[in-house]
Every structure is written in C-alpha cells, then in structure tokens.
Amino acid sequence: MTKGRYVIPPPTSWPSKHLRFEPQQEDGGPATQAKLQTVTTMTALTTSHVKPTQSTARGGSKTVEEAQPYFAKVLAAGSRKLHLDRMPTRGLLSWAPALALIDIVADTFRQDLVAGAYVVELGCGLALPGLVCAALGANVVATDLPDMMDDLQHNASACGWPQRVWRVVGGRLAGGLLVEVLPDPAATALPANAPSWLRQSMKAESGQQKLGYGSLVEELDLKGNTLTFRKLVGSGPNRGKVQVARFGGGALMRQDEERPVDAGVPGHFRATPLKWSGEEAVKLRDAGDVELVLCSDCVNAPLFGRCWRDLVDTMDVLCGPRTVVLFSVQRRPGDGLDLFLEELRELDFVTQRMVAQTMDEMEICVYSARRPTPSQRFAELLERRSNELQGQAPQYLPSDDEAEDGDPQEDGTTLAE
C-alpha cells in the first residue's frame, strides 16, 4: 500500500450562493476565544487547527494534514457566522456536494426552516448543511457514527447549541451542591476599555458556592467523578467543578436530554450517534414528524461499500407522507447511485434529479425523494388499471363462416349484404 496525505480541500474552491468563507486568524480571534471556551452571545462555531491523525481508506492509509480554519457566513441568515472549529479527520473528500445541497435547501425550504422544521441529517460528518438549517431556525438532529461525535458536539457547543448537558439531581434538601468555583474566561476576553463594574461582575468569587437543585450545566470536561461545567439554566456560579456521584454511587448529577440554547442563537441543533438501520431510525421518528432528511455524499460504493442499503432502510422509516429527502452526490465510476435510486423506488419513493452541475471537472448532483402524493397515487392507479384492461381485452378474430360470408363477390358486394 502506498501512503499519501489526506489534505482537506479549502471550501473556497467551489461557489456557493448562500455561504461565504473567510480564513480564520489564530491570534486574538474567535479561535483563541474558543480555546478559552468563552461563552458570550455567540452565533456560530469557532476555529482551531486539526491535529494530524491517521485515517484508512480504500487504496492505502493517509495522513490528515492540518486544515486552515474558516469562517462561513450564512447569507440567508443575515450573514450569521459559522466558525469551522474541528474538521473531520475522515469522510470529507469534497465540499462541493454539501455546498450544492445547502443552496437547494436555502432556496426551496427557507420558510419551513425559519418556522422551525424538524430536520434530520444522516452521515453528517462536519454537518455543514445541518448547521446552516439550524442557523435559519430549524430543529436539527445531526447523526453519524459514534466516533465522529466528539468534534461534531464540540463545534455545536461552540456555536451556542450545548450538547453534553447535565442536570443537578442531588442536594435538594441542602439547597444544591457545593462546587469549586472557576474564573469565567469571558472576563479575560473583555476589551481594555470595558467598565470596571462589568469586570468585577464577571469575576468568580473565591471559595465554594452552591449549584442549585435542578440547574442545567454544560460539560466542559469530565475526569473520573469530577465534572467541569458551564452553567446554562438555574442558580449558582457560571463555571466550576462538581462531583457527579456520592461516595458509594448515589447520583448527584445526571445527563439530560434538554438542550437550552444561548441567548440570541436561533434554532436547535443536537448531535447524536446513529448507525443506519430501520430500528435505530424509529427513535428519531418518534420524536416528531420529520419534515426534511438531508444526506451529503454518502453513496460512494468504492469507499463505503453497499452500506447505502442500510441508508435506504433508515430513510424508509424516517419518511412520512410529507417528508422530503434531499441528498447530494459526487458522481464516480461504480458509485452505486443507480442501484440506490432503484432501491428507493421499490420502497414507494418518487425520485427526481434537481441539480446536475460540473465543479472542477466533478459532476455534482442533488436528488429529492418523497412518498407519492394522493394525486400521483391516483394517476398511477388509473394507469395500472388501464394497462390491466388492455391486457385482458380479447382480440377479435372473425370465425370461418364470418370470413366466408364476408368474402367479396364479383360485383363488389358480400353474401351478408
């Protein structure tokens, strides 16, 4: 096997109607604030470099190079910035499919997203389409394999959508749990001309304070039994360390499904692990009627094999009568797309190619799939019934007597006449 370098390509290599990318600066910029885990009225992700890691792919092992961090401005959301913090170490072969998918979503479904549509992204990787939908106001669940969750949840949390949320369940009678207070990094990020009263108000008091019963906090770090947290909802210090369990095992803190967002941040975004299968998809479907299913460049047989069969099963469970599936692909020899489309049609999906364009000599396509509408079902029923009647109708052949009676005479008449 030959070794090569997996270089994450710059997103500016491809045009996008609704995103504008700008290189991020390391010193003094949002990347530095992200490392301090500064929590202000953030509108999106912050950036830092990706450490080199090893990744395996068909054709040999490759090393992931450090990626240049970028801002991504969502023009359709008032130029709200998404700061791409941690890049995926595998899976991202090209930005083009995701950018083409984002353009279709923002053009066609913007009103639904602003109204809070329930969106599920499958095989999300960086989840750029899902992040854009959330920035527009949608309720997004982004899914991928468990080992992809750390970077995805980190990015979402930096965006103002906390992911690892804990609730205080101990200390009810004592008025809460004793915690070790930590200084708030936001105080160090204030400008030099900030008023002194603001600086004083953001400094943590020394010693210990209590974190109120029922409060929600975001996990910043968890080592053994000690949780370093940022308070989201409730009473107590903004930051600190707390024990998650009593000596002996009694729970003081529990992980919680509620996801409160920071002030000024639209929509909701939740990253959750999901292995494609009908059984796993039931959990997402039971959370509400899925309005939009997104999938970017997941049909790639040379790299992923025929796992698209499991993807079809997942889509089949998620989709109700009004659900729309949008998926983008980069066409490759033997990619399996035709088989994937055929499998969808066999499961009663109507598919349509919405976009086919060439970017840097690559063919990028965006397809939609949905259940047939009542009018489409009725038209299909009529066509099927018409074909059945045509196939059952006996072909008229004259009998021998009729043929003889119908033979013409010399004067041009027949015996019957």
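Biologist: Which residue just after H4 takes a positive phi of about 120°?
Modeller: Happy to start there, with the ground rules alongside. This is a predicted model, in which local features need pLDDT of at least 70, side-chain atom pairs count only at pLDDT 80 or more, and totals for chains, interfaces and linings use all residues. Residues are numbered from 1 along each chain as its sequence is written, and side-chain values use heavy atoms, leaving out hydrogens and water. The residue just after H4 with that positive phi is Gly 137.

Biologist: How many of the residues of H4 are buried?
Modeller: Helices (H or I, at least four residues) and strands (E, at least two) are DSSP runs, numbered from the N terminus. Buried means under 20% relative accessible area, against over 50% for exposed and partly exposed in between (1.4 Å probe, protein chains only). The buried list for H4 includes Leu 128, Gly 130, Cys 133 and Leu 136. H4 is largely enclosed by the rest of the structure, because its buried count is nine of nine.

Biologist: How do H2 and H4 lie relative to each other, roughly parallel or roughly antiparallel?
Modeller: Helix H2 (residues 96-108) and helix H4 (residues 128-136) pack at about 25°, with axes 9 Å apart. Axes are lines fitted to C-alpha atoms, for helices over the stretch in contact, and angles run from 0 to 180 degrees between N-to-C directions. Angles under 35 degrees count as roughly parallel, over 145 as roughly antiparallel, 65 to 115 as roughly perpendicular and the rest as oblique. H2 and H4 are therefore roughly parallel.

Biologist: How many nonpolar residues does the contact of H2 with H4 have?
Modeller: Contact means heavy atoms within 4.5 Å. Here H2 brings Ala 98, Leu 99, Leu 101, Ile 102 and Val 105, while H4 brings Leu 128, Pro 129, Val 132 and Cys 133. Ala, Val, Leu, Ile, Met, Phe, Trp, Tyr, Cys and Pro count as nonpolar, Asp, Glu, Lys and Arg as charged, and the others, Gly among them, as polar. The contact has no polar and no charged residues, and its nonpolar count is nine.

Biologist: Which residue in E13 does Val 217 stand opposite?
Modeller: Strands pair if DSSP finds at least two bridges between them. Strand E12 (residues 216-223) and strand E13 (residues 226-233) pair in the antiparallel sense over seven bridges. They form a hairpin with two residues between them, and Gly 224 in the turn has a positive phi of about 60°. Across in E13, Val 217 faces Lys 231.

Biologist: Which residue in the turn between E13 and E14 has a positive phi?
Modeller: E13 and strand E14 (residues 239-243) pair in the antiparallel sense over five bridges, and Thr 226 stands opposite Gln 243. This hairpin has five residues between its strands, and a positive phi of about 120° belongs to Gly 234.

Biologist: Which strands are the edges of the open sheet of seven strands?
Modeller: The order is E16-E8-E7-E17-E18-E20-E19, with mixed pairing. Each edge strand pairs on one side only, and the two are E16 (268-273) and E19 (350-359).

Biologist: What angle does the direction of H11 make with that of E18?
Modeller: Strand E18 (residues 324-330) pairs with strand E20 (residues 362-370) in the antiparallel sense over seven bridges. Helix H11 (residues 337-346) packs on the sheet, touching E18, E19 and E20, and its angle with E18 is about 170°.

Biologist: And is Gln 153 buried or exposed?
Modeller: Gln 153 lies in helix H5 (residues 149-158). Beyond neighbours within four places in sequence, Gln 153 is in contact with Gln 163, Arg 164 and Ala 271. At 13% relative accessibility, Gln 153 counts as buried.
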